[in-house]
Amino acid sequence: MFKVKNHAIPYMTFDSKMEGIKIKEDQPSTKPILRIFVDDKGGARIPLNSKFGFHLKDVHDLCDREPRFHTYGLAFHVGSDCTSLAAYQSAIETVKGFLDVFRHSPAAFTPELLDIGGGFSGSTANDEFFRDQLAPYIREQVKTLPFKRVIAEPGRFFAEESCTLRVPVIGKKRLPSGKQCITVNESVYGLFSGVLFDGFKPTFNCITRKPWASCEQFTIFGRTCDSADKIAEDVWLPNDIDDSDILEVKNIGAYSWVTASTFNGFPLPPVEVIPGSSS
Ligand SMILES: Cc1ncc(COP(=O)(O)O)c(C=O)c1O
């Protein structure tokens with residue numbers, strides 16, 4: 001709120017009465033948008049609804065509140081990496097449920113903005129679903145809704161496949177259990193933070209050994225002091241992989257850099273923009 005005060009923020013979401021009151025009292029020129037609870041129908045890889053969303057059953061509390069605060073739209077997020085049409089269908093039905101209630105309380109609601117959030121897959125493997133099913137469904141539905149503006153907040157849709165990491169091997173050992181391990185010059189506290197926070201399952205390609213000789217399964221550890229810094233297990237790699245070999249990890253653009261820290265004193269790595277490159 002302190003930061004918002006110094007900027008002209010046109011809209012701000014809230015999903016509890018307390019947040020709504022704060023917006024009204026501390027930032028009266030900002031229009032509150034109600035973030036509603038939506039059922040992801042099990043279709044989101046990273047569900048968000050255990051934390052966010054105002055429930056339809058509580059909406060009368062908002063309409064009847066005195067002194068009144070006025071809500072200028074609705075927002076939802078079906079959860080991240082969602083390839084289920086049913087999740088979006090359910091969310092749109094929930095929007096309609098809220099609109100039905102607000103229709104009887106025009107003093108509490110103006111349908112100015114609908115924010116359909118993010119969740120859209122960043123993988124080209126899901127392009128067909130997006131183009132042929134999801135986008136047409138959303139386009140059709142918004143035509144039937146009374147909002148003046150409809151916006152989305154795509155995150156991984158743009159970011160996921162835009163980044164590739166190249167990271168050197170800095171250690172190799174075999175555990176007493178017989179497991180082969182390598183350590184790489186990154187960590188789950190750095191660019192592999194998505195392994196911890198986003199269910200990211202990186203795939204590794206050793207680009208400095210081609211063609212690969214015989215392969216073995218490796219555990220891949222990160223460089224920090226923490227034994228929880230395990231990036232992946234049972235990864236097939238050339239068994240002669242060695243110090244300074246380079247592993248390439250594609251599709252690491254979503255929820256890697258943004259959640260990375262400098263834990264253990266390791267700086268974030270340089271980012272190189274390759275013009276005209278597709279990844
Ligand atoms: C409010 C909000 N909008 C948009 C996004 C982007 O989501 P995604 O990367 O799933 O598109 C997030 C991600 O957590 C979010 O919390």
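**Strands, cores and a ligand shell**

Colleague: Which residue stands opposite Leu113 in strand 7?
Modeller: Arg149 does. Keep in mind that this is a predicted model, where local features need pLDDT of at least 70, side-chain atom pairs count only at pLDDT 80 or more, and totals for chains, interfaces and linings use all residues. Residue numbers start from 1 along each chain as its sequence is written.

Colleague: What makes strand 6 and strand 7 a pair?
Modeller: Two strands pair if DSSP finds at least two bridges between them. Strand 6 (residues 109-115) has three bridges to strand 7, and the two run parallel. Strands are DSSP runs of E, at least two residues, and helices are runs of H or I, at least four, numbered from the N terminus.

Colleague: Why are strand 1 and strand 7 said to stand at the edges?
Modeller: The sheet is open, with five strands in the order 1-2-4-6-7 and parallel pairing. Strand 1 (11-14) and strand 7 (149-151) each have a single partner strand, so one side of each is left without a neighbour in the sheet. Neighbouring strands are turned by 35° against each other on average, direction ignored; the axes are lines fitted to C-alpha atoms, for helices over the stretch in contact, and angles run from 0 to 180 degrees between N-to-C directions.

Colleague: How do you know in which sense strand 11 pairs with strand 9 and with strand 12?
Modeller: Strand 9 (residues 180-184) and strand 11 (residues 215-221) pair in the parallel sense over four bridges, with Ile182 opposite Ile220. Strand 11 and strand 12 (residues 230-238) run antiparallel over six bridges, and Cys215 has Pro238 as its bridge partner in strand 12.

Colleague: What makes a group of residues a nonpolar core?
Modeller: The members are buried Ala, Val, Leu, Ile, Met, Phe, Trp, Tyr and Cys residues joined through C-beta atoms within 7 Å. Buried means 20 or more other C-beta atoms within 10 Å of a residue's own, exposed means 12 or fewer, partly exposed is in between, and C-beta atoms are placed from the backbone. The largest core has 27 residues, and Ile36, Leu74, Phe76, Val78 and Ala91 touch the most other members. Helix 4 gives the largest share, seven residues.

Colleague: Which residues count as being around the ligand?
Modeller: The test is a C-beta atom, placed from the backbone, within 6 Å of the molecule. Among those that surround the ligand are His77, Ser80, Glu153, Arg156 and Phe157. By class, the shell has three nonpolar, six polar and two charged residues; Ala, Val, Leu, Ile, Met, Phe, Trp, Tyr, Cys and Pro count as nonpolar, Asp, Glu, Lys and Arg as charged, and the others, Gly among them, as polar.
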